[in-house]
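User: I've got this protein open on my screen and would like to talk it through. Can you take my questions one at a time?

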Amino acid sequence: MNSRPQRRVAERFGRHAETLCVWWLRLRGYRVLARRFAAGVGEIDIVARRGSLLAVVEVKARADFQIGESPLTSRQRGRIHRAAEVFLARFPRFANHDVRFDLMLVRPWRVPRHLTDAWRP
C-alpha cells in the first residue's frame, strides 16, 4: 500500500481547511498577518490580529472529531508556543499585543469551529 497519494490528499485537505479558516477569520474582523509561519522550532498555521489581540491559530482538519479528545498534544502546543515567540522576536511591533492561542476545527461540509483561547502555555 502506497501512502504517498494519501499524504497528498491529506495535504490538500489541510491547505483547503486553512484557506477556509482564513476567510472565516477575515469575516469576523481579523487581519491575517501570516500563514504557515515557519520557525526552526515549529510552525504556526495562521497568525491574525484584531485590534490589540494577536491570535496564534492552529488548524486541525479531520473527517471527524471525538468529543472530549484533545486534537493537540502538549508537545505540539509547546512547538506552537516557541514558534509564536520567534514570530514576536521577528516582528517586535506586535510585542505589546495580547497573545492568544486559538484552535480551529474543520470537518468536511461543516462551518469551521473556532475555539478561542484554546490553551495557555
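Here are the questions and answers, starting with confidence and moving on to packing.

User: Which element has the highest mean pLDDT?

Analyst: Keep in mind that this is a predicted model. The protein chain averages a pLDDT of 89, and 93% of the residues score at least 70. Among the elements, helix H1 (residues 4–27) sits lowest with a mean of 86, while the top mean, 96, belongs to strand S2 (residues 42–50).

User: How does the end-to-end span of H1 fit with its 24 residues?

Analyst: Counting 1.5 Å a residue, those 24 residues should span 34 Å. The end C-alpha atoms of H1 are 35 Å apart, so the two values agree. After H1 comes Gly 29, with a positive phi near 90°. For the span you asked about, the value is 35 Å.

User: Which strands do the buried residues of H1 pack against?

Analyst: First, the residues themselves: Gly 14, Ala 17, Glu 18, Cys 21, Val 22 and Leu 25 are the buried ones in H1. An α-helix has 3.6 residues a turn, so residues three or four places apart point the same way. The strands that the buried residues of H1 pack against are S1, S2, S3, S4 and S5.

User: Which element gives the most to the largest nonpolar core?

Analyst: That core has 17 residues, and Phe 37, Ile 44 and Phe 101 are among those with the most contacts inside it. Strands S1 (31–39), S2, S3 (53–61) and S4 (98–106), along with helix H2 (74–90), each supply at least two of its residues. The top contributor, with four residues, is H2.

User: What does Phe 87 touch, leaving out residues up to four places away in sequence?

Analyst: Phe 87 is one of the residues with the most contacts inside the largest core. Leaving out those sequence neighbours, Phe 87 touches Leu 33, Ala 34, Phe 37, Ile 44, Val 47, Leu 54 and Phe 94.

User: Is Arg 36 buried or partly exposed?

Analyst: Arg 36 lies in strand S1. Its phi is positive, about 50°, although it is not a glycine. Buried would need under 20% relative accessible area. Arg 36 has 27%, so it counts as partly exposed.

User: And what is the relative accessibility of Asp 117?

Analyst: Asp 117 lies in strand S5 (residues 113–119). It is not a glycine, yet it has a positive phi of about 50°. Asp 117 counts as partly exposed, and its relative accessibility is 32%.

Technical notes. Residues numbered from 1 in each chain as written. Predicted model: local features only at pLDDT ≥ 70, side-chain atom pairs only at ≥ 80, totals over all residues. Heavy atoms only, no water. pLDDT = per-residue confidence, 0-100. Core = buried A, V, L, I, M, F, W, Y, C linked by side-chain atoms within 4.5 Å. Buried < 20%, exposed > 50% of the residue type's maximum accessible area, 1.4 Å probe, protein only. Contact = heavy atoms within 4.5 Å. Expected span 1.5 Å × (residues − 1).
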